[in-house]
Amino acid sequence: MTQIVVTLENNADGNFLRRMIENMKGVVKTTLTHTSVNLEKSDESEFMDSLHAIKNAIDPSVIDMSDPRTNYIMSK
């Protein structure tokens with residue numbers, strides 16, 4: 001058996017997501033628990049810094065911007 005643990009934002013609808021997952025093929029059981037997770041600010045900022053480094057390393061000249069889907073993704 002394989003288990004997947006998902007951490008949701010505070011304003012996410014956990015019940016709705018649980019029902020969606022229950023309806024997927026192969027899912028045996030779902031459980032929804034509420035716990036408090038404290039992320040240290042240094043861990044979060046370190047993660048964000050690494051994401052920004054990846055973003056800054058992308059060369060936009062090699063990306064085909066004529067596709068509207070690509071434009072949407074790159075605007076985020």
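Visitor: What makes up the lining of the largest pocket, by class?

Guide: Happy to start there, with the reminder that this is a predicted model. The lining of the largest pocket has 13 nonpolar, 13 polar and three charged residues. In total 29 residues line the largest pocket, and Ile4, Val5, Val6, Thr31 and Leu32 lie nearest its centre. Its volume is about 1,200 Å³.

Visitor: Why is Gln3 called exposed?

Guide: Exposed means over 50% relative accessible area. Gln3 has 68%, so Gln3 counts as exposed. You will find Gln3 in the segment before helix H1 (14-22). The C-alpha atoms of Gln3 and Asn56 are separated by 35 Å, with the two residues 53 apart along the chain.

Visitor: How do you know that Glu22 and Arg18 form a salt bridge?

Guide: The cut-off is a side-chain nitrogen of Lys or Arg within 4 Å of a carboxyl oxygen of Asp or Glu. The N to O distance between the side chains of Glu22 and Arg18 is 2.7 Å, so the pair qualifies as a salt bridge. Both residues lie in helix H1, four residues apart, which is about one turn of the helix.

Visitor: Why is Glu22 called partly exposed?

Guide: Partly exposed covers the range between the buried limit, under 20%, and the exposed limit, over 50%. Glu22 has a relative accessible area of 37%, so Glu22 belongs in that range.

Visitor: How many salt bridges does the structure hold?

Guide: The structure holds two. Besides the pair in helix H1, the side chains of Arg69 and Asp67 meet at 3.3 Å, N to O. That value is within 4 Å, so this pair also counts as a salt bridge. Arg69 is exposed because its relative accessible area, 62%, is over 50%.

Visitor: What makes Tyr72 an exposed residue?

Guide: Tyr72 has 55% relative accessibility, and exposed means over 50%, so Tyr72 counts as exposed. Tyr72 sits in helix H3 (residues 68-75).

Definitions and conventions: Residues are numbered from 1 along each chain as its sequence is written. This is a predicted model: local features need pLDDT of at least 70, side-chain atom pairs count only at pLDDT 80 or more; totals for chains, interfaces and linings use all residues. Side-chain values use heavy atoms; hydrogens and water are left out. Helices (H or I, at least four residues) and strands (E, at least two) are DSSP runs, numbered from the N terminus. Buried means under 20% relative accessible area, exposed over 50%, partly exposed in between (1.4 Å probe, protein chains only). On a 1 Å grid over the protein atoms alone, a cavity is a set of points where a 1.4 Å probe fits but cannot get out, and a pocket is an open set with protein on both sides within 12 Å along at least five of seven lines; lining residues have an atom within 4 Å of a point. Grid points are joined across faces, edges and corners, and a volume is the space filled by probe spheres set on the points. Ala, Val, Leu, Ile, Met, Phe, Trp, Tyr, Cys and Pro count as nonpolar, Asp, Glu, Lys and Arg as charged, and the others, Gly among them, as polar.
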